[in-house]
Amino acid sequence: MSDTRRRVKVYTLNEDRQWDDRGTGHVSSTYVEELKGMSLLVRAESDGSLLLESKINPNTAYQKQQDTLIVWSEAENYDLALSFQEKAGCDEIWEKICQVQGKDPSVEVTQDLIDESEEERFEEMPETSHLIDLPACELSKLEEIADLVTSVLSSPIRREKLALALENEGYIKKLLQLFQACENLENTEGLHHLYEIIRGILFLNKATLFEVMFSDECIMDVVGCLEYDPALAQPKRHREFLTKTAKFKEVIPITDSELRQKIHQTYRVQYIQDIILPTPSVFEENFLSTLTSFIFFNKVEIVSMLQVNFFKEFCAFSQTLQPQNRDAFFKTLAKLGILPALEIVMGMDDLQVRSAATDIFSYLVEFSPSMVREFVMQEAQQSDDDVLLINVVIEQMICDTDPELGGAVQLMGLLRTLIDPENMLATTNKTEKSEFLNFFYNHCMHVLTAPLLTNTSEDKCEKDNMLGSNTTNTICPDNYQTAQLLALILELLTFCVEHHTYHIKNYIMNKDLLRRVLVLMNSKHTFLALCALRFMRRIIGLKDEFYNRYITKGNLFEPVINALLDNGTRYNLLNSAVIELFEFIRVEDIKSLTAHIVENFYKALESIEYVQTFKGLKTKYEQEKDRQNQKLNSVPSILRSNRFRRDAKALEEDEEMWFNEDDDEEGKAVITPVEKSKTEDDFPDSYEKFMETKKAKESEDKENLPKRASSGGFKFTFSHSPSATNGTNSTNSKSVVSQTTPASSNVASSKTTSLATSVTATKGNLVGLVDYPDDEEEDEEEESSPRKRPRLGS
């Protein structure tokens, strides 16, 4: 996500040498024509306004501190700092700066910090890039070391080189070991030298040295060295004060050890700056500016971590309040900007902070899902999809590192609450359901389904098969954690199918989503295969003819039946779930699906006799055929012929929209809205109405019946060419059967295609709106059956 990685706070150093917060935004590096060079731009995340526009000057000294800070001077008295939320973002911008200046990104500072007079002297000196040679770290050399450290303070170049030498050789820890030896020996002279040395190292103003000196291991020895100021008759007892007098009190429980350590460190460093060292006014060259920054940004980090835990406890406590007071509390939080704050902290690397933020978010969603929805819809008008709060939540769900996906399960529950129409408001002025679902499907659904589409792509599955499987049965994903994630996503999508009507319907059709989901029927993880099956079962449970046509046209029962056949004689949950799906179709008498199953798959299923489901489907199918034949026999042939011509013309335009979509165009909608009023069950009704209007006028049978199709085809076959009504051959004529296997499908049965050919051939020159198979042609149906092998499509 462009999200948290590029999120920064902009700080400027004021006249009092304190850092002022100028706002939070997203940083980028780009060429600015007006400035004639690569520049750093920071745009406010609140309104997109420009917080910073700074050209990367080839001669400006940029410093990287504490992994997430970049500091530089824009002018003589104008210092700037970017505080990154993530180290990765800081590294990325640092590389851009170093690239412009031709520096190695491994450096901590891009230019030597020198003044004009120093620069003039440097130009006269022979080139020398080697580090300063440090004396051996021994008691006898302490005076020499103190003189060296003191002498370099007047030269920015030598200060930098000494700092690098101290950093590279682990010199500070060796010095602190000498301090312990001097104290044990009561070597006062050595302790005075160590005071000068440690004080001088602090004045080197180097963040990397501070990180060593202020670590838990070293900081108390550093304080000890600073107790032995030669100007004092007796050493101060700073360590005694810090360890015995100063007491740490927790206003709220702090269980995070890293946060606790950061608080202790900040307090001690602040003590060094305010109590032990001289006041800053004495140092005209701001030797301790980096120390000030170190303390400041430590405090920023502590406050951000504490606020999250504090608000979590506060929200938990609010549950004990009376409803009126609890409502006022959450409304106040919303006004104060709790949601944009959560958006930031939910994207942080710290697991505990993220967990606390998720808990707070759950309280807000439980309190008022409408409030959260309103925020994200307003946010969408100003921000990219990547940084929207709901997409941050989805990405945290997707990226959950917990092997059991505990956090992802919690986030999925919150998402389901947010997209549940049952808690959406409807007023006279606006309908929250339509507005929010339009937003969700336009801006968020692609983020939710990305892992599913990625893991079911043809390239991914083929690669997984080549790398790690001996059979075609094991198709991606084989990773247990990924399978768990996909199961969660499928659970949410199944919820959408049940509650979102046309929004999810359009998405499934456009993305051919059910086909991709059914790839997971081949997963070695049975729970994931069951989730895929449950998704299809929920779709079929709607008894929506749009979905039914999509399923039959795409031959989408094939992976389900393959899974049933692969399961063999095992009596398990997968077997029961598949049987239940077909039993539902039989009991509910879904005619289009029954016909498709019997005509295309009965040969593969007729051997399953431990349930009567498939024989029952065959019976339903044959009963429907008989009913159609009885209707046919009661109608004069001339009316059947006239009906054929009339209806074919009337439906030609609508059916052309349905069948003539470009199969090669990926993602095109399979179903068009015009089909909604023209389901196959409508044709008998329109037929009877037409008969009533014609009965008085037609008295003779002047034309022969059109040839009948074999029972291997669909019950309803549509013509797209007016020439068919005149009994001429039409190359434009298409049947439903010929469309059951899209060109884009890789799982289509080759038998289905041959079946379509045989149906078309049987019809001869005249293709009618409705085919009425003869009983005597059942033998031909058996011969053209699409299944004679135990597995489909193999």
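Q: What do the side chains of K87 and D91 do?
A: They meet in a salt bridge, with 2.7 Å from N to O. This is a predicted model, so the distance is a computed one.

Q: Where are K87 and D91 in the fold?
A: Both are in helix α2, which covers residues 87–101. They are four residues apart, and therefore separated by about one helical turn.

Q: Which residues are in the salt-bridge network with K87?
A: K64 and D91 are linked with K87 in that network.

Q: How many salt bridges are there in the structure?
A: The structure holds 23.

Q: OK, another one. Which residue does R538 pair with?
A: R538 forms a salt bridge with E498, and their closest N and O atoms are 2.6 Å apart. R538 lies in helix α25 (residues 526–541) and E498 in helix α22 (residues 480–499), so this pair ties together parts that are 40 residues apart in sequence.

Q: And how accessible are the two partners, R538 and E498?
A: R538 has 28% relative accessibility and counts as partly exposed. E498 is partly exposed too, with a relative accessible area of 43%.

Q: What about E609 and K615, how do their side chains meet?
A: Through a salt bridge, at 3.9 Å from N to O. E609 counts as exposed at 51% relative accessibility, because the cut-off for exposed is over 50%. K615, at 31%, counts as partly exposed.

Q: Changing topic. Where does H238 lie?
A: H238 is in helix α10, residues 238–245.

Q: Buried or exposed, that H238?
A: Buried, at 8% relative accessibility; the limit for buried is under 20%.

Q: What is H238 in contact with, leaving aside its neighbours within four places in sequence?
A: H238 is in contact with V223, E227, Y271, I275 and I276.

Q: Last topic: at what angle do helices α15 and α16 pack?
A: At about 110 degrees, with their axes 5 Å apart. The two helices are therefore roughly perpendicular to each other. Helix α15 covers residues 351–367, and helix α16 covers residues 369–380.

Q: Which residues meet there, between α15 and α16?
A: From α15, they are F361, L364, V365, E366 and F367; from α16, they are P369, M371 and V372.

Q: How many of the residues in that contact of α15 with α16 are nonpolar, polar or charged?
A: Seven are nonpolar, none is polar and one is charged.

Note on methods. Residues are numbered from 1 along each chain as its sequence is written. This is a predicted model: local features need pLDDT of at least 70, side-chain atom pairs count only at pLDDT 80 or more; totals for chains, interfaces and linings use all residues. Side-chain values use heavy atoms; hydrogens and water are left out. A salt bridge is a side-chain nitrogen of Lys or Arg within 4 Å of a carboxyl oxygen of Asp or Glu. Buried means under 20% relative accessible area, exposed over 50%, partly exposed in between (1.4 Å probe, protein chains only). Contact means heavy atoms within 4.5 Å. Axes are lines fitted to C-alpha atoms, for helices over the stretch in contact, and angles run from 0 to 180 degrees between N-to-C directions. Angles under 35 degrees count as roughly parallel, over 145 as roughly antiparallel, 65 to 115 as roughly perpendicular and the rest as oblique. Ala, Val, Leu, Ile, Met, Phe, Trp, Tyr, Cys and Pro count as nonpolar, Asp, Glu, Lys and Arg as charged, and the others, Gly among them, as polar.
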